[in-house]
Amino acid sequence: MNSAPSDTGLSNTGLSNTELFDRAQAVIPGGVNSPVRAFGSVGGTPYFVAAANGPHVYDVEGNRYIDYVQSYGPTILGHAHPAVTEALQAAVVLGTSYGAPTHDEVRLAEEIAHRVAGLEMVRLVSSGTEAVMTAIRMARGATGRDRIVKFAGNYHGHSDSLLVAGGSGVARQGLVGSKGVTAGAVADTVVAPYNVVPELDETVAAVVVEPVAANMGLVEPTAGFLEGLRHVCDEVGALLMFDEVITGFRLCFGGAAQWFGVSPDIWCFGKVIGGGLPMGAIGASAEIMGNLAPLGSVYQAGTLSGNPLATAAGLAVLEQLTPDSYRRLTEISARLQTGLSAAFNDAGVEACVPRVGPLLGLFFGSEPPTDFDSAKKICDNGMYQRFFHGMLSRGVAFAPGAYEAVFTSLAHTDVEIAATIEACREVAEEMA
């Protein structure tokens, strides 16, 4: 691993990752504020980030890593992009929270509506979890129905009714749900297998789906799946909801609806729209959004909703993301996909690197999975742990869990991609 260059303002902080983790475990459950960060499924001690720039993060010991976590998706431009930092510097001196409407929250809602065909109105919230939770409540209020259909391995945040059979962190902890969630909280949640169109009836308020499943590795929707969901929802009067917390404005300019040619009734966004700050959003037609207070009787509120720092960062990011940006990001991901696949193949390691546009996954099996059961079998085979630590020791950081996607950014150049592929070749030979 390389030491942090002097222009980051970092050398060595005098702290160690082990020391900080010991201190953290005394005052924070598990030493982390989100379970995946504890390295529970890969073992070892987490690195504590002190700074980040472009495609790199730097830990407190001064080690530099090529970063494919990228905050799990928000930093699509790379870390500390000048457009974002300058927007934040300009915004912060004006105040950090007002509890009142602002110009930028209107501009951000207009920008989201401009990009997504059929989306007319937006409500800003503070996280993806909050967005999906609110969208579920709105769907029930709009339809007068109770039941929700979700798909095994799709993760929609940590609200009670949607934690059952979730992917990502829930699966990584070896859980099917969570203690503290009552039977009543999930009584109206139906879990179906991903990539299978379920049978619906008139009791279903909404079907919520990740249009590209990115919380059980990366699993692409099979041909006809999203179209089938649109059809069965229309048949019974249920609302189709796309959870685009990951795919929204990372997959392409207009999100998954543009990519697949299938439009939901309700969209949920997060990550990219906050530019790395806490942000989420619900979008739909004016008719459906009219169910939210103060227009309608479905209540939702948030002290920090539309936070001026988050809206400033989000606008700065979206202003940089042109259709050409997505072509370049897809090219970056395609080069990484080709190089990693060749490295594993040459070493005789069974692995596949699925890609949907700029989104990447990594599975240590001969075929990419199509649902949660097949993904779980691969993710739990122990191979990812060896790969993760082998790459980390060579200065390349992937997510510390096999259920996560691989996130490139527009800051990753040929230099970082080549270094990553070379490190992968070395690790693959060791694994073989």
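The dialogue below treats a pocket and then a strand with its partners.

A: Please note that this is a predicted model.

Q: What volume does the second largest pocket have, and how is such a space found?

A: Rolling a probe the size of a water molecule over the atoms shows where empty space is left. Here the second largest pocket has a volume of about 430 Å³.

Q: Which residues lie nearest the centre of the second largest pocket, and which elements give two or more residues to its lining?

A: Of the 23 residues in the lining, Pro 101, Glu 105, Leu 124, Ser 305 and Gly 306 lie nearest the centre. Helix H3 (103-115) and strand S5 (121-125) are the elements that give two or more residues. By class, the lining comprises 12 nonpolar, nine polar and two charged residues.

Q: How do the residues of strand S11 point, and are they buried or exposed?

A: In a regular strand the side chains alternate between the two faces of the sheet. In S11, Gly 280, Ile 282 and Ala 284 point one way, Ala 281 and Gly 283 point the other way, and all are buried. Because five of the five residues of S11 (residues 280-284) are buried, that is, under 20% relative accessible area, the strand is largely enclosed by the rest of the structure.

Q: Which residues stand opposite Ile 282 in S11, and how do the strands run?

A: S5 and S11 run antiparallel and are joined by five bridges; Arg 123 stands opposite Ile 282. Strand S10 (residues 266-270) also pairs with S11 in the antiparallel sense, over five bridges, and Cys 268 stands opposite Ile 282.

Key
Residues are numbered from 1 along each chain as its sequence is written. This is a predicted model: local features need pLDDT of at least 70, side-chain atom pairs count only at pLDDT 80 or more; totals for chains, interfaces and linings use all residues. Side-chain values use heavy atoms; hydrogens and water are left out. On a 1 Å grid over the protein atoms alone, a cavity is a set of points where a 1.4 Å probe fits but cannot get out, and a pocket is an open set with protein on both sides within 12 Å along at least five of seven lines; lining residues have an atom within 4 Å of a point. Grid points are joined across faces, edges and corners, and a volume is the space filled by probe spheres set on the points. Helices (H or I, at least four residues) and strands (E, at least two) are DSSP runs, numbered from the N terminus. Ala, Val, Leu, Ile, Met, Phe, Trp, Tyr, Cys and Pro count as nonpolar, Asp, Glu, Lys and Arg as charged, and the others, Gly among them, as polar. Buried means under 20% relative accessible area, exposed over 50%, partly exposed in between (1.4 Å probe, protein chains only). Two strands pair if DSSP finds at least two bridges between them.
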